[in-house]
Amino acid sequence: MEEKLRERWFTRMFAPNHVVHCFVGNLAKRPRTFMLLGLFYPRRGVVENYQEELFSL
């Protein structure tokens with residue numbers, strides 16, 4: 001089971017040739033807490049504009 005999860009997440013989704021976009025949301029009762037709702041990971045050639053790093057100087 002763990003092997004399949006690792007293969008899916010690290011080999012397919014977070015591969016160097018993909019751009020990962022996270023869909024996040026929060027609840028009305030906890031507006032400062034965010035949850036991961038989904039991932040979109042197209043190939044780099046499909047997306048024109050993307051941010052290489054989350055926190056870059």
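1. Is R12 buried or exposed, or does R12 fall in between? In this predicted model, R12 is partly exposed, because its relative accessible area is 39% and the partly exposed class lies between the limits of under 20% for buried and over 50% for exposed. The partner of R12 is E7: the two form a salt bridge in which the closest N and O atoms are 3.4 Å apart. E7 is also assigned to the partly exposed class, since its relative accessible area is 32%.

2. A nonpolar patch on the surface deserves attention. The patch is formed by M1, L5, W9, F10, F14, V24, F34 and L36, which together present about 910 Å² of accessible area. Two elements, helix 1 (2–13) and strand 2 (34–40), each give two or more residues to the patch. Helix 1 supplies the largest share, three residues.

3. One member of the patch, M1, is located in the segment before helix 1. With a relative accessible area of 79%, M1 is classed as exposed, because that class takes values over 50%.

4. Which residues line the largest pocket? The lining consists of H18, V19, V20, H21, R44, Y50, Q51, E52, E53 and L54. The space in this pocket comes to about 250 Å³. By residue class, the lining divides into four nonpolar, three polar and three charged residues.

5. Where does A28 lie? A28 is found in the loop between strand 1 (21–26) and strand 2. At 80% relative accessibility, A28 is therefore counted as exposed. Its separation from E53, one of the residues that line the largest pocket, may also be noted: A28 and E53 are 25 residues apart in sequence, and their C-alpha atoms are 29 Å apart in space.

6. A further loop position is N17, which lies between helix 1 and strand 1. N17 is partly exposed, since its relative accessible area is 36%. From N17 to E7, the distance is 10 residues in sequence and 15 Å in space, C-alpha to C-alpha. E7 is the residue that takes part in the salt bridge with R12.

Notes
Residues numbered from 1 in each chain as written. Predicted model: local features only at pLDDT ≥ 70, side-chain atom pairs only at ≥ 80, totals over all residues. Heavy atoms only, no water. Patch = residues over 30% accessible without salt bridge, like charges linked within 9 Å, V, L, I, M, F, W, Y side chains within 5 Å. Areas by Shrake-Rupley, 256 points an atom, 1.4 Å probe, with all protein chains shown as cover. Salt bridge = Lys/Arg side-chain N within 4 Å of Asp/Glu carboxyl O. Helix = DSSP H or I, 4+ residues; strand = E, 2+ residues; numbered from the N terminus. Buried < 20%, exposed > 50% of the residue type's maximum accessible area, 1.4 Å probe, protein only. 1 Å grid on protein atoms, 1.4 Å probe; cavity = no way out; pocket = protein on both sides within 12 Å on 5 of 7 lines; lining within 4 Å. Points joined across faces, edges and corners; volume = space filled by probe spheres on them. Nonpolar A, V, L, I, M, F, W, Y, C, P; charged D, E, K, R; others polar.
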